[in-house]
Amino acid sequence: MPGVTLASRAFNEDDQASFAGLSGDYNPIHVDPAAARRTQAGAVVVHGVHAVLWALDKLIELRAVPSTIASLKVQFTKYIYLGARVDLRIEPRGEHSIKAELVVGALTTTTLILTFGAPKKIDDVAFPSDASTRAATGAPAVYTRVEELAELSGSIDMTDSIESIARKFPCAASAIGAPRLAAIAMLSSLVGMICPGLHSLFAAFAIECTDRSDDRDRIGYRVSRADERFRMVQMSVSGAGIDGSVQAFLRWPPIAQAALSDIARIVAPTEFAGATALVIGGSRGLGALTAKLVAAGGGTVVVTYATGRADAERLAEEINGHLGRNACRSLPYDARRDAADQLMTLDVDVTHLYYFATTVIARQKQELFAGDVFDEFVQIYARAFYDCCRFLRAHRSRTLTAFYPSSIFVEN
């Protein structure tokens, strides 16, 4: 990898909470492990703008760029996961610009291109003073269709954020000005909370520094393009000393689980009578659907969860509430740990095992073969399955039937 490494760090949960508070970006993909696992990322990821501001602060602190920055272009290409070491690398400096990269292992996650010069002189005001204004807090907006975003415009209030963001990134604030820095930070909230909101994916932004004498305490936005083919949204942004554009994508939302009331219409009430099912990984997805099917057919279900306790408890409440009997209960279970230690409290005679334990399958790899990922797959899909079957076989009085789904995704 070309370039020189200037600085390194890893972002943790405290960093996530801190930047969410500063920017107002509380999108679940950054702060909620249970919700993040249902996204493309599969786990909580670092705010991209947070990583950019850290990089900008370091570049200026280490005098890798002059204090007169005219523009900044950023492209987000890969996720940065919590705990991963991030290296800030810089390519040989040009006369009028510089290129920096945020790298995790062999993967470039973020590219920054900075050009040097004085702020651009602009006299007109891009957004009307009466544009709808909102604070960068609250729950993220929920959109599922790109056409819903086509007419969005407004502004984000930065009044309470400028000083705190400047304290967090003092070198960058000193170089380009605290309002400009806060405006860049608010791009995270714009994408993650407003447009596209909950199901967003931040792709890129490009801004120019301006000396416009407009409102220093807010940044305006307007959707300039909404492309349904690629579920892509482009926005113009202006205010607090910056002008530019933002590109984001509207992710497909998680598939909604069928309600038990609907499932009960297609399952005979005695179809699974007498069956006691242990559903490993039953808090969501196929596991949750299986639990509903068995319970609706007259069976008893124990669903396990590794991290989704709230999901498992809601599932049990839905099943028991609809059926009017204690047909489902939840149990913590981690396929990375010994089965006997976790299933000793199981006081039912299991007749059917449905094994849906899984880990994140699609993930970023630094090399063609990742030994640690392979070992994890072997543990989850082979050793843990055998371990669970062996325990149940030794602690049952009836015949045990195990259902083990294949994964074309893994094979491909």
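Start inside: select Trp-54, Leu-72, Leu-112, Leu-181, Leu-187, Phe-205 and Ile-219, the residues with the most contacts within the largest nonpolar core, which has 72 residues. A nonpolar core here is a set of buried Ala, Val, Leu, Ile, Met, Phe, Trp, Tyr and Cys residues joined through side-chain atoms within 4.5 Å. Buried means under 20% relative accessible area, with a 1.4 Å probe and protein chains only.

Now colour residues 178-194: that's helix H7, which gives this core its largest share, 11 residues. Helices are DSSP runs (H or I, at least four residues) and strands are too (E, at least two), numbered from the N terminus.

A word on the model: it is predicted, so local features need pLDDT of at least 70 and side-chain atom pairs 80 or more, while totals for chains, interfaces and linings use all residues. Residues are numbered from 1 along each chain as its sequence is written, and side-chain values use heavy atoms, leaving out hydrogens and water.

Next, click Leu-72. Which residues is Leu-72 in contact with, leaving aside neighbours within four places in sequence? You'll find Val-52, Leu-112, Ile-113, Leu-114, Ile-184, Phe-205, Ala-206 and Ile-207. Contact means heavy atoms within 4.5 Å.

Then hop over to a second, separate core of 21 residues, and pick out Leu-260, Ala-312, Ala-316 and Ala-327, which are among its members.

Finally, zoom out. The protein chain has 13 helices and 16 strands, and its C-alpha trace spans about 80 × 45 × 35 Å along the principal axes. Of its 412 residues, 49% count as buried.

Definitions and conventions: Buried < 20%, exposed > 50% of the residue type's maximum accessible area, 1.4 Å probe, protein only.
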